[in-house]
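Please keep the sequence and the model in view while reading.

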Amino acid sequence: MVNGKKLVVSASPHIRTKDTTRGIMLDVVIALIPTLIAAVILFGWRVLAVTATTVISAVLSEFLARKVMKRHNTIGDLSAVVTGLILAFNLPVSIPLWMAAIGSFFAIVVVKQMFGGIGQNFANPAIVARIILLLSFGQAMGNWTAPFSWKTEAVTTATPLAILGGETEAELPTLLDMFLGIRGGCLGETCAVTLIIGGIYLMARRVISYKIPVAFIGTVAVVMLIAGKGDLEFVAYHLMSGGVLLGAFFMATDYSTSPIKSNAKIVFGIGCGLLTCVIRLFASLPEGVSFAILIMNLLVPHIERIMAPKPFGTIKEKKSKKKEGEAK
Amino acid sequence: MVKAGIDGVLKAVKKVRGGVKVDHHKNTAEMEVVRIPTPSKVVIPMQQHIGSPCEPVVKVGDEVAVGQLIGDTDKFVSAPIHASVSGKVVAVGDVKLPNGVMSKAVTIESDGEMRLWDGIKPPHVETKEDLIKAVRASGLVGLGGAGFPTHIKLNFPADKNIDTLVINAAECEPYITVDYRECMENSWDILSSVYLLKDLLGFKKVVIAVEDNKPEAFKVLKNIADHKADVDDEVKLMVLESKYPQGAEKMMVQSATGRRVPPGKLPADVGCVVMNVASVAFIARYLKTGKPLVSRSMTVDGSAIAEPKNVRVPVGTNIGEIIDFCGGFKTEPAKIITGGPMMGLAIVGTDLPVLKQNNAILAFSKDDAVLKPETDCIRCGRCAIACPMSLMPTNIVKAAKAKDADTLDQLGVTVCMECGSCAFACPAGKPLVQHMRLAKAILREGGKK
């Protein structure tokens, strides 16, 4: 006590970084805004309706789920907002709003809250929700609107991956179109330039490490280079189609479902890239990123176990034991 | 300009992984150390070091002088304790130390004269054994905060192959500047000690390590390293990146030699001895004067202190008196710490004595004392990235909650030095160091029964 007033007597350390969970989530929201704006330009005002639906559904679902489970309210950390935004980016703009709302509910309640809330989800909530919607409402999830057609009349189109995969006879958009997002696809995955800008922002703010995006994108590039027999344009199309950029920067980097240590991050990124390419090249689905990330999410505990770091100064015993065994 | 990598100035042999960048707050860096006025009384505990407490060798009513022995023991891991003021012993009894432990203490009422004990004379030191005896008699313990009896650290057996002395001038904790002041004000003592220790203890190499936020100290320390007495160029200055916990013992060993101290072992097991620069300087002073450890320098700072200063205080001085000398509180203090903000101890009040190993008193106002609220772990991994010991605090906390001692052992929780980097870095405000301490206790007790 000093001057009759008690002192705070807490354990060390007595200083903390100014960063907070909410601050990190806010950075992710900021990184997603350029892509949201691009989506509105490309696909019209309905983008905002879909996004508002997924975000409000996510936040409401989290609030109600926590109440029902008698846990403290967590919507203030903005993680539900981020999940809602990312889920919206994974949907076609024409999706019926009630389906989008169900997707959010599934992501937040089943994948996240039922497993313990933030930090405890077993897979990326938005990815699982997208897959569930794909399996439940296949047609709606495959109804791609042509960019800019919202100005006149909505027209359906094919995605570049479908064209590349030989499913439809249509002309591929030019590489510049791909870079600017002028192509059919999910509302938040087409605009390569804004996704890259958002990714760079997150890396600069140290919210994500460069390792997973570089490993993921790099692996897709290398595999497609081999698959396309050295055709660089082929590689460029693959990198900018589907959800590679959205997935590499914003979904594979989700904290609870990706490894913590650097080396494990690289293995994870490579795994995502490899699976994406295998699905795209050999499976009947045109798009592989969602399933690739989901499968790698499930493998993360095992990757981390195998690649667990040794505490400081631990001497490697294996080599000497091996030599002993050989000598015998 | 003195810079790492140029003209014999070393960079870290193996850079420290992890750690956190903290705000330095070295507000008192350019303030010369000032002696406080003689306190009216001192309370000198018999436990101011790691190891066995001393027993008082004086009783109530005895007249004592500065430097006179007042506490000793024949237990090995210990260091004797001496009177820091002259006067009369008015109490020998139990006192509560800042960490809550009860200890015997000798209270001396000062006569204001600071008379030196007439038994003080410079020791005669020619061999290593002489040095060890002298260091023990001086009562020296690690002045960087650990308080380990220095005579034991220096008395390493010949078969340990100790080849390197690392002098720790890093001072990586925020606010504290007394080691820097030691370099700037007592460089001659550091110089004498370096060459003395090198000679008597047979070190092949001496590395003086300092952080790069103290450029003024570089010149001073480089002069020591370049001194003509260093015939074989074995004394070197090393400039390290300013990062907490650069000054931790195992980090120092890694930076200076590239060697990593294995879990459960000491720097001596990899051929190194690490000493705080103030402890090193003290040895030279003691050999010159024979005056044992009875006073030390401290930084007094923090947002609640009116006039932050570097002060020289007799051991056992009341903390409240020291704060008063520094202008008292300018705002209501909400938290007072002895030591630095990363590893220091929060105290319950100012009516406590200063110990040999305390190097700072920091008082914080409410804005700095109240930390952000705790929220759920998001598994961002910043704690694991920050940990200089390559531990995974998230996994340790999980295993501790499950009382799983086997996993805790595997995760290496005993290697944790409680530096606080993990808790500092956590965006969710998790009290990770407390979790680590609990985890260590669970491991000790063997987990689920």
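Which residue in strand 5 of chain B stands opposite B:Pro56? The residue opposite B:Pro56 is B:Gly71.

## Basis of the model

This is a predicted model, in which local features need pLDDT of at least 70 and side-chain atom pairs count only at pLDDT 80 or more, while totals for chains, interfaces and linings use all residues. Residues are numbered from 1 along each chain as its sequence is written, chains are lettered from A and ligands numbered from 1 in the order in which they are written, and side-chain values use heavy atoms, with hydrogens and water left out.

## A sheet in chain B

## Nonpolar cores

A nonpolar core is a set of buried Ala, Val, Leu, Ile, Met, Phe, Trp, Tyr and Cys residues joined through side-chain atoms within 4.5 Å. Buried means under 20% relative accessible area, exposed over 50%, and partly exposed in between (1.4 Å probe, protein chains only). The largest core has 79 residues, and those touching the most other members include A:Val47, A:Phe89 and A:Leu91. Helix 1 (residues 21–43) of chain A gives the largest share of this core, twelve residues; helices are DSSP runs of H or I, at least four residues. A second, separate core of 47 residues includes B:Phe156 and B:Leu191.

B:Ala439 lies in helix 14 (residues 432–445) of chain B. This residue counts as buried because its relative accessibility is 0%. Leaving aside residues up to four places away in sequence, B:Ala439 is in contact (heavy atoms within 4.5 Å) with B:Ile396, B:Ala400, B:Leu408 and B:Val413.

## Where the chains meet

The contact takes 41 residues from chain A and 60 residues from chain B. Together the chains bury about 4200 Å², 60% of it on carbon and sulfur atoms; buried area is the accessible area (1.4 Å probe) that two parts lose on being put together, summed over both. A:His14, A:Arg16 and A:Phe312 supply 22% of the area that chain A buries against chain B, more than any other three residues.

Four salt bridges cross this interface, each defined as a side-chain nitrogen of Lys or Arg within 4 Å of a carboxyl oxygen of Asp or Glu. B:Arg382 forms a salt bridge with A:Asp19, with the closest N and O atoms 3.0 Å apart.

Key:
Helices (H or I, at least four residues) and strands (E, at least two) are DSSP runs, numbered from the N terminus. Two strands pair if DSSP finds at least two bridges between them.
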